[in-house]
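Dear colleague,

Please find the structure below, followed by a summary of what was found in it.

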Amino acid sequence: MTIETSDGNNDVATFYNGTGTVPLAGKLRSMWGGNLHLGYWHDTDDDTPPDVATERLTDLVITCLEPKPGQRLLDIGCGVGKPATRLLTTHPVQVVGITISEAQVDQARARAADSGLADRARFEHADAMLMPFPDASFDGAWALESMFHMPDRAQVLAETSRVLRGQSRLAITDFVLRTPLGTAGKAVVDRMCATFGIHSISTLDEYVEQLGAHDFAVTNVRDISDNVLRTGILLADAMESVREQLVANGNATEVDAMINATREFATTAEFGYVIISAVRN
Ligand code: SAH
């Protein structure tokens, strides 16, 4: 089952440019230390703070990529460049990051410059469904929590396949539907999609099949739902604590819907989260 919720992604750009009615991205950024993705905790006793737990998830993705010195790697949906900066700090590679948000391009460039990495980092405003790159021009790619925003995942995979050289590695983290959706589960997923600009979500089997159809052999899948779900609770608590500020900038109904959807993410078994490793044939 695949849910397509929109044929455009203007709302995603608005969300990340911080010009939406609820300026969540800015709040997220300050809490999560620049990473716009979930944290990873080993177990319920693990009390690692979110800014460290989010770096852990970046590191898991980097491990899947197996970066080699001198490689040119593509960051699909690069956010404000925090994961790219971490990769560049730990590996002698080059990174090109793309984002649908113009504001993020400037922020990512500034971050790379501040870290002394500008000579190996490039960030561009581009749509992953229409990548402005020649065929076979990258040695690897990753999409850390960005695929679900893309209205046409098949098109993104076709583009990713086109710009990667043979034997390149691809690492993806994404939400998946873990079990058939009951009425209550469907309502939660619909609310999550509306709140967080999720335009495509499917079962893992459908994901793997779609990757195969675009010349990617899946080498490993890890369901890390239980390791990341605490993010929903922490984020909902954090939003609750600044609710008045959020309401002052937005509107109460929208803010409360966002807080509730965030909390529900952590408690809805149908909603899972995976890391997929694949190799381009
Ligand atoms: N990977 C980053 C950001 C995750 S947030 C991190 O983990 O910190 C999702 C990112 O996907 C945002 O940067 C958003 O602009 C980007 N994105 C969403 N749809 C996109 C599209 N169609 N093309 C390019 N980037 C897109």
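This is a predicted model: local features need pLDDT of at least 70, side-chain atom pairs count only at pLDDT 80 or more; totals for chains, interfaces and linings use all residues.

**The largest cavity**

Residues are numbered from 1 along each chain as its sequence is written, and side-chain values use heavy atoms, with hydrogens and water left out.A cavity here is a set of points, on a 1 Å grid over the protein atoms alone, where a 1.4 Å probe fits but cannot get out, and its lining residues have an atom within 4 Å of a point. Grid points are joined across faces, edges and corners, and a volume is the space filled by probe spheres set on the points. By this rule there are two cavities of 30 Å³ or more, and the largest has a volume of about 320 Å³.

The lining of the largest cavity divides into 13 nonpolar, ten polar and two charged residues. In this count Ala, Val, Leu, Ile, Met, Phe, Trp, Tyr, Cys and Pro are nonpolar, Asp, Glu, Lys and Arg are charged, and the others, Gly among them, are polar. Helix α1 (10-17) and strand β3 (94-99) each supply at least two residues of this lining; helices (H or I, at least four residues) and strands (E, at least two) are DSSP runs, numbered from the N terminus.

**Helix packing**

Two packed helices are described by the angle between their axes and the distance between the axes. The axes are lines fitted to C-alpha atoms over the stretch in contact, and angles run from 0 to 180 degrees between N-to-C directions.

The axes of α10 (residues 230-241) and α12 (residues 252-267) come within 7 Å and cross at roughly 160°. Therefore α10 is roughly antiparallel to α12, the term used for angles over 145 degrees. On the α10 side, the contact (heavy atoms within 4.5 Å) includes Gly-232, Ile-233 and Leu-235, and on the α12 side it includes Met-258, Ile-259 and Phe-265. The residues of this contact comprise eight nonpolar, two polar and three charged.

For α3 (residues 50-65) and α4 (residues 82-90), the axes come within 10 Å and cross at roughly 60°. That makes α3 oblique to α4; oblique covers the angles left over once those under 35 degrees (roughly parallel), over 145 (roughly antiparallel) and 65 to 115 (roughly perpendicular) are set aside. Glu-55, Thr-58, Asp-59, Ile-62 and Leu-65 of α3 meet Lys-82, Pro-83, Arg-86, Leu-87 and Thr-90 of α4. By class, the contact of α3 with α4 has four nonpolar, two polar and four charged residues.

Helix α6 (residues 153-163) packs against helix α8 (residues 204-213) at an angle of about 40°, with their axes 9 Å apart. α6 is therefore oblique to α8. Here Arg-153, Ala-154 and Leu-157 of α6 meet Tyr-207, Gln-210 and Leu-211 of α8, a contact of four nonpolar, one polar and one charged residues.

Yours sincerely

How values were computed: On a 1 Å grid over the protein atoms alone, a cavity is a set of points where a 1.4 Å probe fits but cannot get out, and a pocket is an open set with protein on both sides within 12 Å along at least five of seven lines; lining residues have an atom within 4 Å of a point.
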